[in-house]
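The following note concerns charged side chains and their pairing. Please read it beside the model.

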2 protein chains.
Amino acid sequence: MKPSISNHKLLALMKNNHVTILDVRGQEEFNRGHIFGAINIPVDELQTKHINVSNDKVIVTYCGKGGSRSEKAAKILLENGKNALWLEGGYLDWPFFSPNRIPTEEPMIFHQLSEKESSSYTYLLADPITREAIIIDPVLETTQRDLNLIKELDLNLLYILETHIHADHITGSSELKKRTGAKSAVSKKAGVCCADLELEENQEIKFGRYTLKVLETPGHTDESLSFLCENMIFTGDSLMIRGTGRTDFQNGSPDVLYDSIHKKIFSLPDDTKIYPAHDYKGMLSSTVLCEKEFNPRVGSGKTKDEFIKIMKDLKLADPKNIHEAIPANLACGQTISQRIS
Amino acid sequence: MKPSISNHKLLALMKNNHVTILDVRGQEEFNRGHIFGAINIPVDELQTKHINVSNDKVIVTYCGKGGSRSEKAAKILLENGKNALWLEGGYLDWPFFSPNRIPTEEPMIFHQLSEKESSSYTYLLADPITREAIIIDPVLETTQRDLNLIKELDLNLLYILETHIHADHITGSSELKKRTGAKSAVSKKAGVCCADLELEENQEIKFGRYTLKVLETPGHTDESLSFLCENMIFTGDSLMIRGTGRTDFQNGSPDVLYDSIHKKIFSLPDDTKIYPAHDYKGMLSSTVLCEKEFNPRVGSGKTKDEFIKIMKDLKLADPKNIHEAIPANLACGQTISQRIS
C-alpha cells in the first residue's frame, strides 16, 4: 500500500477530526507559513521527540514539496508503531496556500449578527474545514435567522455560549439547543441548572482547529464572562464600544468591573478586536487600543475612583424587559409559560 | 549625503504621498510578499525599463535585506536623473512584516456602521499609513457619530460616496462635507448638481494606496452604483443579503437589475465580500458565492423571467420617508427648509 495521502483525502480526515498534521520542515520554514493546526517537529528531531497522539488518529507528515523529508518522517513513525502517511505535493500544493499570500488558509467563518429591538449582537464562529461551529449570545427573536444561516453554511453547531445572564432580552439558547443538539454553556457562577456546561476561568472550548478561552470579567454582573478566540475578544456587557455595561443591578460593581477591564481586557495586544454584546449607536467593533485611548468611562487615563463616580452618577432606568428576561435566561431562555405548559 | 532612508522616514513620505516605492527583487520574491503599493522592477531590468514617476516624487528602492540590490538600483536611478534613495534594512526590517504572517501589512482601516431607524449601513474605509479615508452612504442622523470616529482615528476624509439616491433616509453627505471639506460623489446619471464628483463606469477613486472602482449596476434605480475595493463590493440596494432592492419606483427595472447583478456582481470571485446599504434581519455581510447559492430572488438558479415575476408580485408600500428623502438627497442631503433658509 502507498503510504501517502492526497490533499482531498487529508481534508476529509480533518473534517472528521481524525488526523494529527505534522510539519517536518525546519522551524524557520514553519514560521513563514504552515497548514493551520499543524505541529512542527523537524524530521531530524523526530527520532528523539516523543509524539503524543491518540492511537485512533492518523499522523500525516508534510514538507515543502512532498516526498523527501515527509516520506522519511512517515517511515520513522511507522517503524515506531504509529499510523502515518505523508502528504502528496506538500505545503506548496496545499489548496489554501497561494504564492501571493502566505499563509492563506481559508479564514475562520465569522458572522456578526444584530437584533434591532435590543441592539444586541450575536456571533457565529466556525472552522471552514471541519464545519464545527459555536454561537455567542443568540437572541430568541432571531433564532430562525440563525438556524437558516447554520443550515446554509452546512455547519455543525457544538456550543451555545452566553457571556452573562442578560437583563434586556431573552436568550435563543434553549430554542437553538432543541433544534440543533448543541450544548448550552454559561458561567458556573450563574447557578443555571439547565446549562450543559458550566464555564470557569481559563476553560477552553474547542471547535474544529480553533480554541476559545474563557475569561471571567465580573462587574456588570458577577457571572459575566469574556471569550477570547484568535485576535478577537467577545466582551459581553463588560466592555462596550466607548462605554461599559451598567453596574447597578444583578450584583454589579464598578470597582470589580474596572479591574476586570484593566487586568483581563486592556492587557491583551492593542490590535485585539473587541466585539461587545450591544451597541446603541450602530458601532460594530473596536480594538483594545481604541478603547484604551477613547473609552470615556474606563479608558483615556480614567482612574478607578473616577470610574466609580461616573457609574454611581448614571441613575439609569431598569431595562424594560428585566422582569421577564432574567428569570427566562436563568432557565436558558424558556419563559415561565413554556416551563409550566 | 547618504543616499539611504530609514523605515521611519519612508513612512513619513508615504503619509504625504510623496514617494514611489520600487521593489527591485525578482518577481517570485515580490509575489511572496512586498510593501503594499510597491511596484516591482528587478534590478537587472532597471536599465531597460522606463519608469514613469512624476518629478516631485522621490523613488525609494528596496530589496530583501537592504544595501546590495537596492543600493545598486538607487545608483542607476540617480545616474538617470531621478531622485532616488534605498531603504535601510530592506523588506525584512519593514515594520508591517513579521515572519509568521507574510505579508502582514497593517490591514485597511474598515468600519461598517449601522443606523437603526432605516436599517442602513454606512462604510468608512481608510489607509492606515496615509490616513486618507472615504465614506460610503452616510446617514444624516448619524453624522456626529461618523465625525467622532473620523476624528478619533485621525483620518483625512477625501470623498463621500453615494451608491444611489436613497428613498428611505436622508444622506449625511452635505453635513459631512461642510464639517470635513471632503468631496461628495454620486452617479453622473443622478443629475445632482450639488455633487463635486460625477461618477461613471470604471472610474477610480483613490485614497492612500487603495483604489475603489465604480461599477454601474442600475435596476433598483437607474443611477445605482456598486463600488469595488480590494475583495469587497458595496452593492447599495442593487444586491442585498438574500434579497435585492425593489424595482417599482425611481425608474427601477427588474430586467435591468437582473443583468446588473449577474454580469457585474456574480462575475466577481466567489469569495468577494458583499456589503449592502441595508439589511432588515440583522445580517451584516455576505459573499458572492453565498448569494449565488442562496439568494431566493436572483440566485439559486433563478431565471430572469422568474426574477421579473417575483419583483412584479411584491406590491410593496412606498418607504415612509420617500417624499422627503428623494428631494433632499437630490440636493446632497439638504432639506427644503435648509435650502430656503
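1. A surface patch is made of residues with over 30% relative accessible area and no salt bridge, like charges being joined within 9 Å. Accessible areas come from the Shrake-Rupley method with a 1.4 Å probe. Lys and Arg count as positive, and the place of a Lys charge is taken as NZ. A:Lys116, A:Lys320, B:Lys116 and B:Lys320 gather in one such patch of positive charge.

2. This is a predicted model, in which local features need pLDDT of at least 70, side-chain atom pairs count only at pLDDT 80 or more, and totals for chains, interfaces and linings use all residues. Residues are numbered from 1 along each chain, chains are lettered from A, and side-chain values use heavy atoms.

3. A:Lys116 lies in the loop between β6 (109-115) and β7 (120-126) of chain A; strands are DSSP runs of E of at least two residues, and helices runs of H or I of at least four. A:Lys116 is partly exposed, at 41% relative accessible area (buried means under 20%, exposed over 50%, partly exposed in between).

4. Over all chains there are 35 salt bridges, each a side-chain nitrogen of Lys or Arg within 4 Å of a carboxyl oxygen of Asp or Glu. One joins A:Arg209 to A:Asp127 (2.8 Å, N to O). These partners are 82 residues apart, and A:Asp127 is buried at 0% relative accessibility.

5. In chain B, B:Arg209 and B:Asp127 also form a salt bridge (2.8 Å, N to O), and both residues are buried.

6. A:Asp255 pairs with A:Lys304 (2.9 Å, N to O), linking helix α6 (residues 254-265) to helix α8 (residues 304-312). A:Asp255 is partly exposed at 35%, and A:Lys304 is partly exposed at 25%.

7. A network of salt bridges links A:Glu152, B:Arg242 and B:Glu291.

Conventions:
Patches are made of residues with over 30% relative accessible area and no salt bridge: like charges are joined within 9 Å, nonpolar side chains (Val, Leu, Ile, Met, Phe, Trp, Tyr) within 5 Å. Buried means under 20% relative accessible area, exposed over 50%, partly exposed in between (1.4 Å probe, protein chains only).
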